[in-house]
Amino acid sequence: MGPNPQMPPDVPERAVPEGDFRAADDVQDFLINIGPHHPGTHGVMRLVTRLDDEKVAGLDVRIGYMHRSLEKIVENRTYPQVIAFTDRTADYLAAMHNDWVYCLAAERLLGISVPERAEYLRVIVTEINRMASHLISIGALGLDTGAPTYFLWCFEARERLVRLLEEICGARLTYVYLRLGGVIYDAPPGWFERVRGALRSVIDEFPSYRKLFHDNYIWHERSKGISTLTPEEALRIGAQGPVLRSTGYRWDLRKDMPYSIYDRFDFDIPVGTTGDVYDRTEVRVDEMIESAKIIQQAIEDIPEGPFLADRIPRIPTPAPGEAYARLESPRGEIGCYLVSDGGPKPYRMKWRGASFHNVAMLPALAVGYTLSDLINIVGTLDPVMGDVDR
Amino acid sequence: MSWESLLKPWVGMARGHMETLKQMVSPPVTRMYPKEPAQLSPRWRGPLRLRGVMDHEPPPVTDAEPLGFNDLMTELHEQRRIAPCQGGCPANVDARGQNALVAAGRYIEAYNLVRRRNVLPAVLGYVCNNPCEDVCRRSFLDDPIAIRQLHRDCYEVYDREARFPGHLENLVYRPEHVAVIGAGPAGIAAAYDLVQMGYRVTVYERERLPGGLLVTSVPLYRLDRKVVAQEIADIAELGVEFSFGVNVGVDITLERLRAEHDAVVVAAGYTGGRVLPIPGHEAEGVWSAIDFLYAYCMGEDPKVGPEVVVIGGGDVGCDCSRSALRCGATLSMQAHVEDREGMPAQEVEVSGAIEEGVVLLSEWGPDEILVENGKVAGIRLRKVASRFDASGKWDLKYSDEVTELACQSVIFAVGQRLNVDFLKGSGVEFDAQGRPLCDQSTGATALDGVFLAGDLATGPRTIIIAIGQAHETALSVHRHIQGLPLTEGRRPPVHPPEYYLEKPYAPNPPDFEHFGPGGRRVHMPESNPRVRVRTGEQVELGWPKGDGHREAIRCMRCQTHVCVACTLCARVCPDNCIDVAGHDTGFERRVERYDFMMEWCCFCGFCQDVCPTQTLSLAADFDYAERERREFFYDREKMLRPFDKPDEMPNKDGLP
């Protein structure tokens, strides 16, 4: 095979020139390849790193090891069937959020209105899922910094929350719980009381977490002042979600562009000050407490009534058009763009995953810090590689 | 060697013991987790399983004698095992059993089965408003089963091949004598049930022929009078006595009926017409719908037209506007206050009227009838401004816009009036509107031994509701005569419970190849609307031989907990891991193949949600490990595997 005739001969085929990572002759830089199967990378992500002594001098993120062609699959499925794919092919640690953003877009496209009770149930399960996702995120940081006990504690707390989701929908990770026009099951008897109890037990353990990990001298040494970020710089590199909030910039779609019924709840947006690894973790812990507040209010206000809109066609065919929906997932803003050509299947779906934008920030955050800090920094970005590659 | 160095080990040891003591009294740092295995949630999503499949079994028939029917329905209802068509029917006619028997070629058995609950199957096959078809689960796939037309098809075979009256199953003869007032559908239904229970029954009818409104009000083009006569003759052969031309209250008093009989069932219906008291309503040429239809149906040839305005948008209004075209009218207009979509008439009636040339005047109400020389010369109509108030309650408001139409006849189809003066002063209680009061579930009145049946008990409703109510009244009469408590252990007739309607509709899924057995609904041929107006022939012409069979094998035979190979699960699966093949010879329906690729399953539960017979469920197997990979291929036998857990997990409907 000769050279590609359509490609001008002077343009290199790779966007990132190899020369950046080649060790210069006069300095002691060297290239090290981390991944794709490195336990600290939170997924199959490959980091081509240029090290100057122990410090990271350059970084290139290589992705695509977990591509499952979500957007193409969706073009061959009917609208209700897509829900089975969004919650496992995209961000599987926050599956409810993915289902919801798809449902928001599809319901907008189809003109379906959701009953009140279903909206509240969606809020409750989604916030529980946000807490479960954050617990994995901060627990994995313990694993990264050599504190596996903390990881197990977080996982045990998450287990209590996942049990709640298992009770309401029968699944623990890939809940296909949302449907177009509502949710598939009502809450089982006594579920709301159990939610209250589980939330209380999880929140009550936070002081002991603090004693074990967050106030630990080692963690302070490993996190404070590491990978600091200013709000201006954060906006420039496209930060969102907890990373943006940790810099002190107050931005949360639930508050600033309320979707569903989030304008009815009273809750705060926790923010940090310096945007370093420590603040990003603290923001997540505070967010869990705010999520618990939202759930408490939702349980108090939840009305009786249907939980699934009736007369939803089994194979809906929306009018030709397009719809976009976005919401705040634990990792930042996710979005779903749907185009219909009037047929029973989406003509096109575009998925905006938060993790993709998070790993794109990694070079800007990690350069200048040591190789051991790099693992922490990846951990605070909390990437789910399924959401990066889709 | 100093004292300190000698003491040092002892001090250390003491400190160690102190520390040990502290540890013993302080709460443990490690957590103890419970040793017992975690309980699975009732909604746990494990591998699929089937509760049962349809396989070489006799067709499902829900049948019981009149005395046992209520118990049977109560039991089935508690188990949530009523087929939707049967629960949707006010008289609980077993349409599924009818379809299964017709599919097996057993038309006459099907006819007799329907007659158990619907005494005039063929008549209802012409004129019923088929509530069963509204809840038919086949409409999730394409079109509902033509249950009503099948009633008629069964009758035609029965009429052609086996003219014999239905058999009397209950051979108990009881000496008590029951009087039934009115030979309409409700009266005949009550008489039929009572005669099957062994009582002597006499039906008193004002007219010279039986049938009630079936012969006096249902237009000729909708119902063949020969069918009514034949079916009622069959009832008479069972032993029901008819006494025609007896007007209770005039020819015989209620007191005398009560004295001569052990119980009296009043099924007199709403037989009076109603005319709105607007200016000019007493002019010549103003009809009430009942009077007009009576004159048309009884061959008195009412002179209307040539331009006719019918007031009212219900079924009766359509009957009047269409009948007027057959009585010499050249222009038939129907004014109604509702808009076209909100008309209370059945859609098929309205479209039939439009085909025949009826002009609909939507959202116009009557204002004044213009009279010349004591005769109707025209009508002034007023435009409707709004029909509902802000809270959605009915509140009719007219605007200032009026129009005048020239016409020679005005027919009011605005409801019916009671004609039960013989009940007044007898002890039966009446409400403020002058309607007789009775217990809604039993039909018993305040007067001992007098029961109401049909429209009198329920208010003017449909024929099948009247028949369903009459069955209840017959049971009450039996209990009254036997001295049993009327309501004990008895449930009111099962109307569609919520679980029939929970599945969303999918009209004509465009994406999938057509559903296997039967194909689309077999439509009954209709006569040419322009011709039938002149000749007066029937609208529906009946199926040619064989079409009924083609329609009946479309029935999915909704049985609870039995797979009927409807293939909905295979279509809804996002991973294409289910393959179902049904085998339908007409005489037998079975599930030939049910293949499930367990490896591909993503446990989304879509198949469980759509399963119309509640047989497919995600079992609560937690550890689905197998020794070999091929074991993950589940065939029909493996899908029917016995369940590990002693108490089966309920699915989302809470079914056992």
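**Entry 1: B:Asn373**

I first looked up B:Asn373, which lies in the loop between β11 (364–372) and β12 (375–388) of chain B. Strands are DSSP runs of E with at least two residues, helices are DSSP runs of H or I with at least four, and both are numbered from the N terminus. The model is a predicted one, in which local features need pLDDT of at least 70 and side-chain atom pairs count only at pLDDT 80 or more, while totals for chains, interfaces and linings use all residues. Residues are numbered from 1 along each chain as its sequence is written, and chains are lettered from A and ligands numbered from 1 in the order in which they are written.

Is B:Asn373 buried or exposed? I recorded B:Asn373 as exposed, because 7 other C-beta atoms lie within 10 Å. The scale calls a residue buried if 20 or more other C-beta atoms lie within 10 Å of its own, exposed if 12 or fewer, and partly exposed in between, with C-beta atoms placed from the backbone. I noted that phi of B:Asn373 is near 55°, a positive value in a residue other than glycine. Most residues other than glycine have a negative phi.

**Entry 2: B:Phe603**

I then turned to B:Phe603, in the loop between β18 (589–597) and α21 (606–610) of chain B. Its phi is near 60°, which is positive although the residue is not glycine. B:Phe603 counts as buried, because it has 20 C-beta neighbours inside 10 Å.

**Entry 3: Chain A as a whole**

I found 16 helices and 8 strands in chain A. Its radius of gyration is 22 Å, close to the 21 Å that the globule rule gives for 390 residues, so chain A is as compact as a globular protein of that length. The radius is taken over C-alpha atoms, and the rule is 2.2 Å times the number of residues to the power 0.38. Along the principal axes, the C-alpha atoms of chain A fill a box of roughly 75 × 60 × 35 Å. Buried residues make up 51% of the 390 residues in chain A.

**Entry 4: α4 and α12 of chain A**

I examined helix α4 (residues 116–144) and helix α12 (residues 277–301) of chain A, which pack at an angle of about 160° with their axes 9 Å apart. α4(A) is therefore roughly antiparallel to α12(A). Angles under 35 degrees count as roughly parallel, over 145 as roughly antiparallel, 65 to 115 as roughly perpendicular and the rest as oblique. Axes are lines fitted to C-alpha atoms, for helices over the stretch in contact, and angles run from 0 to 180 degrees between N-to-C directions.

Residues are in contact if their C-beta atoms, placed from the backbone, lie within 7 Å. Among those of α4(A) that meet α12(A) are A:Tyr120, A:Ile128 and A:Leu141, and the α12(A) side includes A:Thr281, A:Met288 and A:Asp301. The residues of this contact divide into 13 nonpolar, 4 polar and 5 charged. Here Ala, Val, Leu, Ile, Met, Phe, Trp, Tyr, Cys and Pro count as nonpolar, Asp, Glu, Lys and Arg as charged, and the others, Gly among them, as polar.

**Entry 5: α12 and α15 of chain A**

I saw that α12(A) also packs with helix α15 (residues 371–381) of chain A, at an angle of about 30° and with axes 10 Å apart. α12(A) is therefore roughly parallel to α15(A). The contact is made by A:Val277, A:Arg280 and A:Thr281 of α12(A) and A:Asn376, A:Ile377 and A:Thr380 of α15(A).

Terms used. Contact = placed C-beta atoms within 7 Å.
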